[in-house]
Amino acid sequence: MFLKIQQFVLFVTIIMLSSCKEKRSELIEITAAQVSITDTITKTESIETFVLPYRNRIYEVLDSVLAFAPNTISKEDGRYNTTAGNLMADIVMEQANPIFKLRTGNQIDFVLLNHGGIRSVISQGPVTARTAYEVMPFENNIAVVELSGPSVLELITYLISSKRAHPIAGMQIVLDQKGQLKTLTIGNKEFNKNRNYWVATTDYLVNGGDSMVFFKDALTVTPIDYLIRNAIIDYFKKVDTIAPIIDDRYYSLE
Amino acid sequence: MKRRTFLKNLSASGTLAGLGGLSLESCVNPYRKHITILHTNDVHSHIDAFPKDHSQFPGLGGLARRATLVEQIRSENPNTLLFDAGDIFQGTPYFNFYGGELEFKLMSKLKYDAATIGNHDFDNGIDGLHAQLPHANFELLSANYDFTNTVLDGFVKPYRTYLLDGIKIGVYGLGIQLKGLVTQELYKETQYLDPYDVAYDCERILKKQEQCDMIICLSHLGYQYQQEDRPNDLELASKTKYTNLFIGGHTHTFLDKPTVVKNNADDHVLVNQVGCFGVHLGRIDFYFDALKNSTSKGTHITV
């Protein structure tokens with residue numbers, strides 16, 4: 001026992017000497033806290049001043065009136081097609097087709113977007129770029145997909161069975177009294193199973209979003225490098241009045 | 001200000017505590033050193049505070065307030081480092097309008113020391129990130145992204161060290177697998193390396209070659225995953241030997257307190273993450289004493 005104490009003291013002495021000499025440190029205690037940034041903390045004035053011109057510029061751009069909506073535009077106001085859905089799909093067709101044509105020489109045959117991708121109503125009154133951010137907050141780009149005839153039929157089957165008003169443009173779908181496909185017209189021509197179609201949609205859906213699995217059979221995918229939101233903003237700038245209507249692009253004979 | 005604390009004494013040895021007291025008294029200049037680590041993650045361009053009527057984060061966040069808090073903590077302890085664990089970009093029109101310029105300028109004004117790169121930091125492409133680098137007076141650290149064939153080659157370091165009050169602090173960065181998360185046109189030729197292997201290398205170099213007194217990992221791997229078997233901070237912490245603190249991101253995980261994990265050397269280490277959007281600031285205080293015994297496991301962790 002006595003020997004053990006002797007060894008212990010010697011050990012302590014060595015450690016003590018080496019620690020004083022080398023000045024090495026040892027971690028002895030750690031404390032931690034998550035600190036909430038609440039409104040009781042005052043703002044640093046210089047930071048606030050620095051941000052101000054950046055913020056003002058954003059507000060100026062976002063809140064400047066681009067167009068006018070005589071009525072509220074919603075994705076819930078129709079069963080098979082809606083004012084908001086028709087507006088979005090028509091915008092994609094109108095804004096993307098010239099770019100696609102210029103790059104490939106081909107024409108977009110029709111547009112399919114997803115109902116869930118419309119994130120806000122467009123309220124009656126002035127329409128701004130902020131409206132476009134509310135409707136489309138995601139960084140989704142337009143893409144044009146080449147689908148075979150059978151793949152297009154799969155797309156139509158999906159659309160019908162989803163029982164949702166997914167936005168479409170450039171085609172007409174008519175269902176019979178039983179809810180089965182009666183006629184399918186694409187670009188004012190009867191659907192032809194033996195040809196391929198150019199379908200404008202979003203890169204999100206091409207990558208399997210919203211279970212649109214038929215896009216995995218895409219023969220080609222052409223990115224348009226055009227954000228949906230930017231297409232919306234460009235369209236708002238182009239027109240004075242935004243007044244989409246529920247029409248006969250997709251309906252059921254009831 | 002909200003501080004949730006409870007005492008967790010992970011030291012068991014009374015003998016060692018006594019030993020410490022003894023050697024302390026015998027030294028001519030006994031010292032106790034204090035390093036404060038502050039951190040954010042996934043701020044996603046949230047420069048302004050949330051409005052008071054916001055459903056999830058009413059009145060919380062805001063960079064001008066974070067600046068006040070950081071400055072206050074720095075005046076209390078000048079030996080403070082400030083880090084971010086990635087996804088600085090994307091989430092408000094500030095990013096859409098200015099491409100990350102304002103985020104980097106403000107982080108520089110707050111004197112951030114380093115940040116790692118999150119997947120959303122590639123949202124304007126690797127060229128978009130490169131273009132904002134002149135606005136960053138802080139280091140971008142990523143050890144497992146190989147930028148050799150990209151514009152970022154030479155601009156991102158795997159790790160670096162800081163010397164504060166004689167305490168050497170090593171910090172390395174880790175990023176998440178980009179394939180499947182970011183389109184390749186954005187990250188281009190960036191190569192993703194296994195984060196675990198890279199972490200073992202980094203911490204060994206920082207401990208053995210650089211002789212660091214403490215080691216921090218800035219990780220954008222994610223706290224943990226319920227479904228998939230993907231690299232994550234909790235597993236990483238359990239597999240490493242020398243890293244004392246993992247500052248995480250990506251999963252937007254709000255923790256009431258940092259998680260204590262037993263690492264591969266049977267030491268207790270911390271994994272922390274402060275949710276997202278700059279509504280919280282993580283604060284970890286490290287206290288050092290003169291070296292008493294290299295095998296001592298006497299670190300008290302109070303979280």
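**Exercise 1. At what angle do helix 3 and helix 7 of chain A pack, and which residues make the contact?**

Solution. Helix 3 (residues 83-104) and helix 7 (residues 228-238) of chain A pack at an angle of about 90°, and their axes are 9 Å apart. Helices (H or I, at least four residues) and strands (E, at least two) are DSSP runs, numbered from the N terminus. Axes are lines fitted to C-alpha atoms, for helices over the stretch in contact, and angles run from 0 to 180 degrees between N-to-C directions.

The angle makes helix 3 of chain A roughly perpendicular to helix 7 of chain A. Angles under 35 degrees count as roughly parallel, over 145 as roughly antiparallel, 65 to 115 as roughly perpendicular and the rest as oblique.

From helix 3 of chain A, the contact takes Ile91(A), Val92(A), Glu94(A), Gln95(A) and Ala96(A); from helix 7 of chain A, Ile228(A), Ala231(A), Ile232(A), Asp234(A) and Tyr235(A). Two residues are in contact if their C-beta atoms, placed from the backbone, lie within 7 Å.

Sorted by class, this contact between helix 3 and helix 7 of chain A has seven nonpolar, one polar and two charged residues. Ala, Val, Leu, Ile, Met, Phe, Trp, Tyr, Cys and Pro count as nonpolar, Asp, Glu, Lys and Arg as charged, and the others, Gly among them, as polar.

The structure is a predicted model: local features need pLDDT of at least 70, side-chain atom pairs count only at pLDDT 80 or more, and totals for chains, interfaces and linings use all residues. Residues are numbered from 1 along each chain as its sequence is written, while chains are lettered from A and ligands numbered from 1 in the order in which they are written.

**Exercise 2. What is the strand order of the open sheet of five strands in chain A, and which are its edge strands?**

Solution. The order is 6-3-10-5-11 in chain A, with mixed pairing. Two strands pair if DSSP finds at least two bridges between them. The edges are strand 6 (168-169) and strand 11 of chain A, each of which pairs on one side only.

Next, take the pairs. Strand 3 (residues 110-112) and strand 6 of chain A are antiparallel, with two bridges; here Val111(A) has Ala169(A) as its bridge partner.

Helix 3 of chain A packs on this sheet, touching strand 3, strand 5, strand 6, strand 10 and strand 11 of chain A, and its direction makes about 115° with that of strand 11 of chain A. Helix 7 of chain A lies across strand 5, strand 10 and strand 11 of chain A, at about 55° to strand 11 of chain A.

**Exercise 3. Which strands pair with strand 5 of chain A, and how many of its seven residues are buried?**

Solution. Strand 5 of chain A pairs in the antiparallel sense with strand 11 (residues 220-227) of chain A over five bridges. In that pair, Ala143(A) stands opposite Pro223(A). Strand 5 of chain A is also joined by six bridges to strand 10 (residues 197-202) of chain A, again antiparallel, with Ile142(A) opposite Thr202(A).

Of the seven residues of strand 5 (residues 141-147) of chain A, six are buried. A residue is buried if 20 or more other C-beta atoms lie within 10 Å of its own, exposed if 12 or fewer, and partly exposed in between; C-beta atoms are placed from the backbone.

**Exercise 4. Where do the buried residues of helix 5 of chain B lie, and what do they pack against?**

Solution. In helix 5 (residues 125-132) of chain B, the buried residues are Ile126(B), Leu129(B) and Gln132(B). Seen down the helix axis, they fall within an arc of 125°, so they line one face of helix 5 of chain B. The arc is that of the directions from the helix axis to the C-beta atoms. These residues pack against helix 4 (101-109) and helix 6 (184-187) of chain B.

**Exercise 5. Where is Thr240(B), and why does Thr240(B) count as buried or exposed?**

Solution. Thr240(B) is in the loop between helix 8 (233-239) and strand 11 (245-247) of chain B. Thr240(B) is buried because 24 other C-beta atoms lie within 10 Å. Leaving aside neighbours within four places in sequence, Thr240(B) is in contact with Ala199(B), Tyr200(B), Glu203(B), Asn263(B) and Asn264(B).
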